[in-house]
Every structure is written in structure tokens, then in C-alpha cells.
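Let's take a walk through this structure together, one piece at a time. Keep the 3D view open as you read.

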Amino acid sequence: MKKKTFYIESLGCKVNQYESDGIAAQLEAHGFSRAGKGSPADICIVNTCAVTSRAGMQSRQETRKLIREHPDATVIVTGCHAQTDPEQFKKISGVDLIVCHQDKTLIPAYLTREPPEKNLFEFRKPEYGKTSRFLGFDRPVYGKMTRAYLKIQDGCNQFCTYCIIPYARGASVSMPFDQVMAHVSGLNRQGFKEVILTGIHTGLYGLDLKPETSLTQLVKTLDEKQPVDQIRISSIEPNEITDDLINMARPGHILCDHFHIPLQAGDNGVLSRMKRPYSVEQFSEVIHSIHATLPHAGIGLDVIMGFPGETDKAFENTYKLVAALPVSYLHVFPYSPRKGTPAWHFTPKVPSDTAKKRAALMRKLGEQKHKDFIKSNQGRILKGLIQNQRDRRTGMLKAVTTNYLTVLIKNEKDAHDTPDSLKGKIVNIKYDQCGNDNCLVGNIVP
Ligand code: SF4
């Protein structure tokens, strides 16, 4: 009998991508076969995103498009937008099922019952103060990537005033400690040299477990047991970066010297209206302490431009702060109001052209910071992981360094191994060439 095919569309963040791959792996284990974009499919699944209004709109558009392209398919929607606003999807004719966040792992059970059993699902809103289970997939998910992602935490208890995520994903829950260790070892046995620990608010890892533990403790144990060559943390809040964590990113230790940290605003008034749990002074201290121990660490910041009440002076404060900090790249987002969050009601609103201008200035500053960072690494020997995918434009092998630079490899033909066997390996690299487009080209060195 011909296998039933499914197509899965994932919008938004890495965690969504991870979960989509998890659903896909489960379906494949149940005998379904994954279809590529544009190919016929019996089942279409949309894993939606709610992080901005635009992401929500794109999730709905994508759902309608898939229904048009696959008029006979069973269509299932899940993810953050489906969770926070299921009514929007009830209105779309052709949607067969809306699956709440906690039930994502039940999708194969739904599809393998004859006839499909909708009663499996009772749409639930996340609840706080109740113990909920970590939503995990049987095996870690890696897709076609060189670096494996492992989701170790989900949900958030912080309720920043602009953020819809806690309403979508509920309170923080963590993967049990032993399970993390087992997954990391398993990934290493499959040939992965680097595992990226990911989550919605990864720094809350372990606080809900019994006995309680922490992200620092987890990384410490990984550092002692070395079940894999490298660990990277996808993103971490400033107040969760401990001295021990910084020390574990020194040479010879397991953690990559790369920290992606949400700043959001560099003005204490804006930070307090956002309900971010740190001040500008505390944030600076954290960045300087990373820089003092790891002068070449990659430090990336997220910033939001145009939050309600962000005056010219407040913007200037953010700009000046970022300009003064030793950071290596910026992710800049114009503020996007989300219905259902406190900030939806905040005034005065910042006109969108002002927010765009501020975002453009900030991005320019980010480019300059990145150039300076590249320059400061020139001539150094960097540790890099050769990626499975070659650079699309040049066809050259490329490596991602521990401090998060991408370097194209020039001397692959002179290397001892055949070039393709270098994929997935950790090598020493020195780069000496930097084009105008910030594309780094370097050599593998002993
Ligand atoms: S820490 Fe704040 S921004 Fe991040 S997920 Fe939690 S509520 Fe949202």
C-alpha cells in the first residue's frame, strides 16, 4: 500500500522548527512519508508563530495557501498562534483540526485512528501553578543540520509586557537532567560534534525539576563528562549568566564562547515598562564580565525599537549603551504590538516611521560592531565546525567558529582528508581575507 504523505510548514523560531522536525520524525516512525514543499501531500500541518502580528498573519496566509494547493488533504494547525487565537483558525474553511501546544505529540495517534478521532484533543489553555509535563519527542531531532538542536526547556514565567509567549506555551518546564545527558551522548554517537541547547527561556532550565537544578549545573556536568565536543546555548537572559557559565566557555572547556543575549532596551524607564528584570547598569556589568574573561567571545544582542513611551532620549540611551559595549552583532526588531499582552494598551505609541528610522540606525551600528569584531579576530587561530552544506554562492566548504563567525575554507583540496570527509569535523582555522560583504575566507591550519 502506498504510504500516506505529509507536508509540514514551520513558521517562527528554532523551537518551532525543532518541534516540527519532532512531529515529522514521529510520523515517519508511524509509516508516513515526508513530502517536500510544493509536492502532493495527504496531510498538511502548519506549525504557527505568534511572536509578532505579522508572524500571525503569515501563519494564517500559509494555512489558506496550503488548503488551496491541497484541496483533499487533512489540514492540521498547531503552534503559538493556533494556541493563543484558535478562533482565527476556526474561521478558515478547510482546517480539520486545531491542536493545542501540549498535544503536539499526539498528532500521529490522531492520524492513525480509523476514522480519525477528534476527541483525542481537548483544546486547553496553558495553566500556571500546576505541574505540567515537558513536551518531548522520543528522540532528539537533528534534521539535516551539522549541529544538533536539543530542546531542554519550554515555556516562560517572566511575562514581559510585550510578549505573547507565556500565554501560548505556559509555565517553564524542563527536560529531566538524565534525559538531557542521554540525548547529548546519543547525538555524539550519531556523529554530532556540537549540540545547541535550546528552549523558550533556556536560563530557567531545571528550576521546576525535583531535585531542583540549573542551566549552570547542567553545563558543569556536561563539561565534566564531555559527552560531546561542543555545547552552545541558543539564547540566554542577562541575569542568568553566571561566572561559572562564563568560565565554562574558556579554551579547553565544553561551552562555545558565544552568548546571544536579549537586551531589548538600553534605557531604565523602557526596561521597567517592559518588565525586564535588570537595569542598564546590571546588563553592562554582565557584558563586561564576559568580555574580561573571554575577550574574543561572540556576543549578540536582541533589541526592540519603538516600544510605547520610547522617547528620543530613551532611544539615544539605547544607542549609546550598545555603541559602548563590546558586542559582535545585533538582531534589531521594530516593536510589534500583540493583542492579549499588557503593552497592547500602553501609550504613547511610537509612530511606525520613527520606529523604522531608529531600527535602521541601530542596524547600521550592528553592522559596524560586526566589522569591528571580525577585525579583532583576524590572524587568530579559531576553532570551527565544518558544515554539511557548502556555501551556496561559491560552492566552498564553510565552518562556523565557536565564537560564531562563518569562514569559507580556501585550502580544502590541500587538506589530508578528502574535502567531503571534512564535513562535520572540528578544525583549526585562520582567516586572512575579508571581502566587503563581510565574507571571511581562511585556511585550515594545524
Ligand atoms: S523572557 Fe520575556 S520575552 Fe522571553 S519568552 Fe519570557 S516573557 Fe517572552
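In this predicted model, strand 15 (residues 398-401) and strand 16 (residues 406-409) run antiparallel, joined by three bridges. If you'd like a spot to look at, find Ala399, which sits opposite Val407 in strand 16. The two strands make a hairpin, with four residues between them.

Now hop over to helix 7 (residues 177-189). Its 13 residues, at 1.5 Å a residue, should span 18 Å, and the C-alpha atoms at its ends are 19 Å apart, which agrees.

Which residues of helix 7 are buried? They are Val180, His183, Val184 and Leu187. Look down the axis of helix 7 and you'll see these buried residues fall within an arc of 100 degrees, so they line one face of the helix.

What do the buried residues of helix 7 pack against? Their neighbours are strand 6 (148-151), strand 9 (194-198) and helix 8 (215-225). Over on the other side of helix 7, Asp178 and Arg189 are exposed. Finally, step just past the end of helix 7 to Gly191, which takes a positive phi of about 105 degrees.

Methods: Residues numbered from 1 in each chain as written. Predicted model: local features only at pLDDT ≥ 70, side-chain atom pairs only at ≥ 80, totals over all residues. Pairing = 2+ DSSP bridges. Expected span 1.5 Å × (residues − 1). Buried ≥ 20, exposed ≤ 12 C-beta atoms within 10 Å, placed from the backbone. Arc of directions from axis to C-beta. Contact = placed C-beta atoms within 7 Å.
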